Amino acid sequence: MKAKPLGPIPAGFETLDGELAIGGKRASEWVESEGKTPLFVYSRELLNARVEQLRAALPERIGINYAVKANPYEPVVTHMEGLVDGFDIASSGELAITNAVGINPARISFAGPGKRDEELEAAIVAGVTLNCESEGEARRAIAIGVRIGKTPRMALRVNPDFELKGSGMKMGGGAKQFGIDADKVPALAREIIAAGVEWRGLHIFTGSQALSADAIIEAQSNVLQLAAKLADEIDVSLPKLNMGGGFGIPYFPGDEPLDLAAVGAALTKHVANLPEQLTETELCLELGRYLVGEAGIYLTRVVDRKVSHDTTYLVTDGGLHHQLAASGNFGTVVRRNYPVAIANRYDAPADDVVNVVGCLCTPLDRLADKAALPHADVRDIVAVFCAGAYGATASPSAFLGHGPAAEMLV
């Protein structure tokens, strides 16, 4: 059977006694300390390194916000609290997490369509900024503020007329459930400011998971131009501009890392030549998977090795119920392999071609197709990389009753 290529293993992982090492310990040691698999392991060292890389590449004027949806595991959010400038949430559940961690509400913004009245009220009471996604939502928030006697902090999320080219998930341009069409923003902004809200500016998010520096540079230029135009039409200074993010990470064979230096250099030029309407505006990027995605690994143990029609299967105790994206069922059109390894034989040569599958009763439950890996047998440990974002909480953990995976920050 001819092997299919695997995605690129992220930089920063080491080998110890022939095994994959995370945070100075072998993968098998982390499994032993937890007492079970499957297990997500997130690396503090890699989280720190990624933020340091961003700080070095971006102009000092640009703040970094963490999109909690990427990984809301409370220890990860707690760790990020000391690294980033702000947090973006998308539900009252994520608001509860940031409250539990003790994050200052002034550092939090709340986006997402379909916010229920009770979510709007919780955000207003907490004092976080609401990134309103429609005229109706903005007016409901104002009415709730009047009812409870508290002034809402409000920004408007803009649906721009352009998109992030090459984005894995387009969230701007054309008809969208996200944000307010750009031509409607000035009138609504003037309306809510006249109603007495605390005006917090604009949120312009165009897409996610882009690896092209040129596409991100173009989108950021467009965002700044649009924000300046809208600020001029609103005729009130813009306190803050959330420029969105879109920075992608390599998942699949042939993917190349984003040229962060090029993005940073272009942003530096933009910051040095900001339109007059934005000279006093607080600027930030909203990043999720780029901050945490490569810092996580999913470890799952082989429970069976079987051959069917000359094809070898490694059957694991994990699967798509924890790693929906790696299985190819989270938005990809053509399934390609994530980076995968045999963690306890990390430095061994790839002398076997196998399918790595999970324990669920569906043929969709695949973690690797025709993967060239070292020979593995029952009780060996499979590592799936790029598991730090949209893994545990973006997968159907209740499916077939196997339950959630364990998680740890090391």
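Visitor: How many residues does helix α8 have, and how far does α8 reach from its first C-alpha to its last?

Guide: Helices here are DSSP runs of H or I with at least four residues, strands are runs of E with at least two, and both are numbered from the N terminus. Helix α8 covers residues 213–234, so named under that scheme. It has 22 residues and reaches 31 Å from first C-alpha to last, close to the 32 Å expected at 1.5 Å a residue. The expected span is 1.5 Å times one less than the number of residues. Before going on, please note that this is a predicted model: local features need pLDDT of at least 70, side-chain atom pairs count only at pLDDT 80 or more, and totals for chains, interfaces and linings use all residues. Residues are numbered from 1 along each chain as its sequence is written, and side-chain values use heavy atoms, with hydrogens and water left out.

Visitor: Which residue follows α8, and what is its phi?

Guide: That is D235, with a positive phi near 65°. D17 also has a positive phi, of about 55°, although D17 is not a glycine. You will find D17 in the loop between β1 and β2.

Visitor: How are two packed helices described?

Guide: By the angle between their axes and the distance between the axes. The axes are lines fitted to C-alpha atoms, for helices over the stretch in contact, and angles run from 0 to 180 degrees between N-to-C directions. Take helix α7 (residues 185–194) and α8: their axes come within 9 Å and cross at roughly 50°. That makes α7 oblique to α8; angles under 35 degrees count as roughly parallel, over 145 as roughly antiparallel, 65 to 115 as roughly perpendicular and the rest as oblique.

Visitor: Which residues make the contact of α7 with α8?

Guide: Contact means heavy atoms within 4.5 Å. From α7 come V185, P186, A189, R190 and I193, and from α8 come L230, E233 and I234. They divide into 6 nonpolar, no polar and 2 charged. Here Ala, Val, Leu, Ile, Met, Phe, Trp, Tyr, Cys and Pro count as nonpolar, Asp, Glu, Lys and Arg as charged, and the others, Gly among them, as polar.

Visitor: At what angle do α5 and α6 pack, and how far apart are their axes?

Guide: Helix α5 (residues 117–126) and helix α6 (residues 135–148) pack at about 60°, with axes 10 Å apart. That makes α5 oblique to α6. The crossing is right-handed. On the α5 side, the contact residues are D117, L120, E121, I124 and V125, while α6 supplies E137, R140, A141, I144, G145, R147 and I148. The tally for this contact is 6 nonpolar, 1 polar and 5 charged.

Visitor: What is the strand order of the open sheet of 3 strands?

Guide: The order is β1-β2-β3, with antiparallel pairing; two strands pair if DSSP finds at least two bridges between them. β1 (14–16) and β3 (25–26) stand at the edges with a single partner strand each, so one side of each has no neighbour in the sheet. β1 and β2 (residues 19–22) pair over 3 bridges, and E14 has A21 of β2 as its bridge partner.

Visitor: Where is the cis peptide bond that has an omega of about 0°?

Guide: That bond joins T37 and P38. P38 lies in the loop between α1 (27–34) and β4 (39–42).

Key: A crossing is left-handed if the near helix is turned anticlockwise from the far one by less than a right angle, and right-handed if clockwise.
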